[in-house]
Amino acid sequence: MSDTHMEIPYTTEVRPDTGLTNPKLGIWLFLASEVMLFGSLFSSYALLRIGAASWPDQSSVLNVPLATLNTVILISSSVTMVLAWAALKGQRLDRYKLYMGLTFLAGVGFLIVKTIEYREKFDHGLFPSTNNFLGLYFTMTGLHAIHVIGGMIVNAYFLGPGTKMWKTDPDRFTNRIEVAGIYWHFVDLVWIFLFPVFYLL
Amino acid sequence: MGGAATIYGLLRKYIFSTDHKVIGLQYAVTSMFFLLVGFALVVLIRWQLAYPSNELPGWLASLLGEERAPSRVLAPEFYNQLGAMHGTIMVFLGVVPLAFGAFGNYIVPLQIGAPDMAFPRLNMASYWAFFAGGVVMLASFFVPGGAASSGWTAYPPLADIALGGQTWWLVAMFLLIISSLLGAVNFIATIVQLRAPGMTWFRLPFFVWTQLVTAFLLLLAFPALQAAAVLQGMDRIAGTSFFLPSGLVVSGRAAEVAGDGSALLWQHLFWFLGHPEVYVLILPAMGIVAEVITNNTRKPLWGYRLMVYSIGVLGFLSFVVWAHHMFLTGMGTTISAFFQTTTMIISIPSVIILSSMILSLYGGSIRFTTPMLFALAFLPMFGLGGLTGLPLGLAATDIPLHDTYYVVGHFHYLVAPGTIFALFAGVYYWYPKITGRMMNDVLGRIHFVGSLICMNVIFAPMFVQGLAGVNRRLWDGGTLYTHAQGTLYLNVPMAHAALTLALFQVPFLFNLVWSARRGRVADANPWQATTLEWAAPTPPLAHGNFPHPVRAYRDPYDYSVPGATADFSPQSTASPDGVA
Amino acid sequence: MTHPADVAVHVRGYLLVFGTLLVLTVITVAASYLNLPTGPTVALGLTIAAVKAGLVGAFFMHLRHERALIYAALSLTAVLALALFSFTLWTEADHAPGTQFTAPFSATPTDTAPVEGAH
């Protein structure tokens with residue numbers, strides 16, 4: 001028998017005793033591992049900073065206004081993301097596309113600001129190898145940016161070819177956007193901690 | 001429909017399948033290959049330790065080449081590669097993919113009555129990430145400088161500055177960890193969500209419980225090593241000094257790095273994964289042994305509930321013992337006492353589980369089938385391995401034993417005649433469900449006796465050497481040290497036993513292949529077992545497993561139910577007489 | 001099917017949270033200019049971040065109305081992340097920089113012949 005499409009239960013319907021769908025459980029489990037990943041890195045930051053012979057004055061090395069802008073961008077993108085899902089709940093595909101498009105654009109904006117920031121550092125001869133503060137800054141914001149890109153790829157798919165599912169299985173599509181949203185909010189969440197830790201403390 | 005006859009069809013069916021059974025078999029074949037590779041590496045190690053600085057056989061020396069074996073003698077640098085890669089390959093490419101990826105993938109959906117995993121395509125992605133990681137890991141042998149050679153533990157500063165394939169090791173680990181994380185998400189979601197009607201938590205086979213806890217260990221512990229790998233990668237590639245202290249001098253020259261890093265940070269992140277990892281190695285094995293024992297004693301498992309609670313406690317505690325690998329790093333006495341305490345406490349659930357399995361034998365009608373032989377041997381071997389861990393868990397006794405062969409003997413007893421024996425048991429046990437034929441018993445018994453004896457000859461002397469103070473990871477085995485002289489002769493029988501152990505795997509490998517065509521034909525339930533996988537056809541249906549929706553009506557191990565006609569009452573049938 | 005009115009309620013809620021998040025962002029940046037000593041700075045910064053994170057989690061990620069299993073998995077994660085963080089720091093508390101050489105070793109290699117019985 002070739003690859004027949006058998007139905008996996010509870011992909012869209014909720015399993016009664018757990019109250020969950022498979023994707024909902026799956027994304028939260030994945031985020032649990034991401035919490036451990038970024039948690040390990042924040043732990044590394046704490047250990048290295050506490051043990052350092054000297055540590056730069058972070059807010060004078062980094063660009064606080066640009067990072068504040070990026071914080072506002074990401075928070076806004078979180079709102080547009082959840083509004084995209086709400087639009088689907090209200091059966092408004094046009095609104096969904098608007099908000100999802102805005103979310104994607106916000107991601108682009110975030111990456112542009114990040115690029116400007118990084119370039120600024122490199123132009124001043126500040127590299128990951130300069131000291132551990134910068135090493136951690138580039139590594140952790142870089143890893144975060146990779147997660148942003150990942151989220152943007154998923155969102156682009158759901159803005160593009162993935163939208164076809166709205167016609168065939170609207171509930172499943174709406175749930176997919178909710179799950180993608182949970183991931184995107186997590187990316188925002190990590191930044192909510194990265195921002196004060198690296199720029200303000 | 002695209003039948004299997006087309007190339008595309010063949011690819012979809014056998015290579016890029018989303019069916020958990022195909023994926024499980026892919027994991028099995030790949031991981032067994034890596035087990036053989038890891039084994040080959042250690043046979044070389046054992047030979048070098050038995051006959052240090054002796055010339056290798058001509059054919060072997062030319063195979064290795066002038067750099068790895070200058071003047072036909074094994075180079076110390078290459079010895080270090082063998083050591084690091086043996087450990088890495090066995091743990092990450094061999095045992096875990098076999099225990100979790102292969103057995104877990106194939107058996108868990110069947111035992112819970114599910115049609116497949118919760119996320120079949122993610123499952124396929126997990127396998128290919130594992131495969132990619134394996135390719136990168138093997139390729140690292142052929143880069144300038146050779147493979148990683150800083151131990152499977154990759155401690156900085158050495159791993160940070162080592163020339164050679166350490167960066168490839170990091171890339172491979174990155175891929176392997178992604179594979180495990182995706183797999184873990186899949187297993188947990190599957191076990192939580194796809195249990196068949198009637199399959200309540202305390203009707204789950206113990207094997208499924210062990211896989212569930214294992215998945216949580218992988219999910220929450222591996223990210224720490226992922227983070228560490230990223231940081232070490234940055235150190236090696238971007239010149240950062242996360243793990244490099246100030247004032248480091250390498251080969252007479254000051255290291256040109258910013259410094260102020262912490263080599264111990266790596267150890268914390270590594271062992272935060274490393275300790276749960278060893279429970280990842282043992283838990284599926286415990287699950288398999290429990291299945292085989294209850295089936296071959298025709299009695300329910302003694303203390304099933306107790307075992308379930310124990311496995312949960314064990315899983316949780318495994319996260320808070322890690323620094324017992326770091327007792328010699330200069331930590332304060334209070335935190336040392338904390339880790340010693342948690343380490344001592346964690347032996348309790350282990351002992352409960354082992355005792356329950358032993359107690360399960362009492363009053364049983366024991367059938368000494370081939371899987372049962374391996375399962376029975378597991379018990380004292382695991383016991384010995386566990387007991388030898390006790391002095392390591394107390395800092396005072398760990399001081400003379402740390403980094404000696406005592407440690408190597410300790411963990412090999414747990415992994416080799418422990419886990420690997422359990423995995424052998426699993427292969428002999430589930431083979432008829434996969435292929436419809438039994439494996440040959442005579443070959444199986446030869447495999448068993450030979451492996452058991454050889455493994456003990458290899459690993460028992462390690463305790464003697466370790467207690468004498470022989471350090472691990474010495475390319476000449478310690479010939480330069482007077483305190484080692486009295487025990488080095490043991491390396492000779494150990495090396496011969498290693499080669500003999502290799503020989504005794506031949507009947508097993510032959511049996512695996514031969515029995516698929518020529519083994520005794522088996523019906524759907526040749527072991528007369530109760531768990532749901534035996535209610536599926538042989539082999540279970542592609543993409544669906546069960547022809548009709550299956551239900552769990554009973555506890556998992558209803559053997560010898562009073563009043564029943566047979567000595568087993570399958571979980572899938574309401575009546576104890578096994579009638580639907 | 002969800003009523004547009006139900007969605008509107010949610011939307012208002014989301015916009016309210018958005019506003020709160022922006023305000024908290026302004027506060028956290030402003031507070032950084034107070035130049036408090038390290039301890040209070042860290043405490044304040046992380047507390048505000050935690051509140052923002054809580055809002056995002058509770059409202060945007062729908063954690064307010066999630067299932068027990070999700071809460072259980074996340075609680076376990078939080079405990080373990082805390083364990084990693086705190087025990088690592090505690091273990092290194094006596095010598096946080098880890099290996100620290102006070103002066104570089106001599107650049108000329110010393111005699112490296114092994115001493116009998118030593119490592």
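Analyst: Read from the N terminus, chain C runs α-α-α. Please keep in mind that this is a predicted model. The count for chain C is 3 helices and 0 strands. Of its 119 residues, 32% are buried. Its accessible surface is about 7,100 Å², and carbon and sulfur atoms account for 71% of that.

One backbone detail in chain C is worth a look. Asn35(C) sits in the loop between α1 (4–32) and α2 (38–60), and its phi is near 55 degrees, a positive value in a residue that is not glycine. Asn35(C) is exposed, with a relative accessible area of 67%.

Asp260(B), however, is buried, at a relative accessible area of 12%.

Helix α9 of chain B, residues 263–297, holds Glu291(B). This glutamate is buried but has no salt bridge; the nearest side chain of opposite charge belongs to Arg298(B), 11 Å away.

Another helix of chain B, α7 (residues 166–193), has 28 residues and reaches 40 Å from first to last C-alpha, close to the 40 Å expected. Helix α7(B) is mostly covered, with 22 of its 28 residues buried.

One runs from Pro156(B) to Pro157(B), with omega near 0 degrees; Pro157(B) is in the loop between α5 (120–139) and α6 (158–161). Another joins Thr538(B) and Pro539(B), with omega about -10 degrees, and Pro539(B) is in the segment after α16 (491–518).

Finally, the partner of chain B. Its contact with chain A takes 42 residues from chain A and 46 residues from chain B. About 3,500 Å² is buried between them, 67% of it from carbon and sulfur atoms. The rule finds 1 salt bridge across this interface: the side chains of Arg195(B) and Asp17(A) meet at 3.8 Å, N to O.

Terms used:
Residues are numbered from 1 along each chain as its sequence is written. Chains are lettered from A and ligands numbered from 1 in the order in which they are written. This is a predicted model: local features need pLDDT of at least 70, side-chain atom pairs count only at pLDDT 80 or more; totals for chains, interfaces and linings use all residues. Side-chain values use heavy atoms; hydrogens and water are left out. Helices (H or I, at least four residues) and strands (E, at least two) are DSSP runs, numbered from the N terminus. The expected span of a helix is 1.5 Å times one less than its number of residues. Buried means under 20% relative accessible area, exposed over 50%, partly exposed in between (1.4 Å probe, protein chains only). Lys and Arg count as positive and Asp and Glu as negative; His and the chain ends are not counted. A salt bridge is a side-chain nitrogen of Lys or Arg within 4 Å of a carboxyl oxygen of Asp or Glu. Accessible areas come from the Shrake-Rupley method with a 1.4 Å probe; for residues, only the protein chains shown count as cover. Contact means heavy atoms within 4.5 Å. Buried area is the accessible area (1.4 Å probe) that two parts lose on being put together, summed over both.
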